[in-house]
Amino acid sequence: MNLANRLTLLRVILIPFFIFFLANPGNYHGEIIALLIFIIASITDFIDGNIARSRNMITDFGKFMDPFADKLLVTSAIIMLVDMNMIPAWTAIIIIAREFAVSGLRTVAAKDGTVIAASGLGKIKTVLQMSAVVGMLLKVCIERDPVFEGFRNLSIYRGILTYIPVILIYLAAIMTLVSGIDYFIKGWKAIDPSK
């Protein structure tokens with residue numbers, strides 16, 4: 001297994017730790033640890049792709065696992081944030097439904113030996129989703145962790161960190177729909193719909 005694929009698997013391995021610390025905020029500043037884990041996992045998404053392209057390590061495994069790892073990471077975070085009442089459930093429904101639909105399309109295409117790689121819009125969608133989650137997790141840290149108690153009354157928090165994460169999550173939901181439609185238009189041509 002090459003380095004790019006190992007980094008992709010690392011992203012998957014980090015997910016249970018992210019969930020554990022976010023679900024147990026009282027344990028050693030769990031929110032902060034969860035935020036750091038999510039950032040590290042997100043960074044591996046950009047590193048593994050660059051390594052795969054620059055070192056000619058692109059494999060069918062990587063084409064499948066990289067977007068799968070992204071989906072697993074983001075949907076885990078989105079579900080946790082819905083549970084914490086940080087984001088509306090409809091955004092989670094849009095994001096998760098799109099991921100199921102695209103995964104289904106990929107499965108059908110794989111039966112014909114076709115591997116559908118992530119598109120440019122899909123990458124923008126992932127960046128927006130991860131940015132929105134980071135913003136929301138930072139908001140959670142500031143609102144709930146005692147380390148940030150003195151920061152809560154600052155105008156920068158009331159202004160930027162109150163609204164930017166919300167705007168990002170709405171933009172992520174919109175881009176999720178747009179990229180999903182684009183994916184199906186391109187993917188439909190790669191498979192035989194009559195089968």
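## Charged pairs and nonpolar cores

E99 is buried, with a relative accessibility of 5% (buried means under 20% relative accessible area, exposed over 50%, partly exposed in between, using a 1.4 Å probe and protein chains only). Before we go on, please note that this is a predicted model, in which local features need pLDDT of at least 70, side-chain atom pairs count only at pLDDT 80 or more, and totals for chains, interfaces and linings use all residues. Residues are numbered from 1 along each chain as its sequence is written, and side-chain values use heavy atoms, with hydrogens and water left out.

Let us start with the charges. Side chains of opposite charge can pair when their charged atoms come close. The structure holds eight salt bridges (a side-chain nitrogen of Lys or Arg within 4 Å of a carboxyl oxygen of Asp or Glu). Here are some of them.

| Pair | Closest N and O atoms |
|---|---|
| D66 and K123 | 3.1 Å |
| R98 and E99 | 2.8 Å |

K125 lies in helix α5 and E99 in helix α4 (residues 89-111), so their pair ties together parts that are 26 residues apart in sequence (helices are DSSP runs of H or I with at least four residues, strands are runs of E with at least two, and both are numbered from the N terminus). Both K125 and E99 are buried. Salt bridges that share partners also join R11, D45, D48, D66, D70 and K123 into one network. R98, the other partner of E99 in the table, is buried at 8% relative accessibility. As for the remaining pair, D66 is buried at 10%, whereas K123 is partly exposed at 32%.

Now for the nonpolar side chains. In soluble globular proteins, nonpolar side chains tend to be buried together. The largest nonpolar core here has 29 residues, and those with the most contacts inside it are F18, L22, F38, I78, L81, V133 and L137 (a core is a set of buried Ala, Val, Leu, Ile, Met, Phe, Trp, Tyr and Cys residues joined through side-chain atoms within 4.5 Å). Two or more residues each come from α1 (3-23), α2 (30-54), α3, α4 and α5. Helix α5 gives the most to this core, with seven residues. Apart from this core lies another, of five residues, including L7, I51, A52 and M57.

Finally, where is I167 found? It is in helix α6 (residues 155-190), and I167 is partly exposed, with a relative accessible area of 44%.
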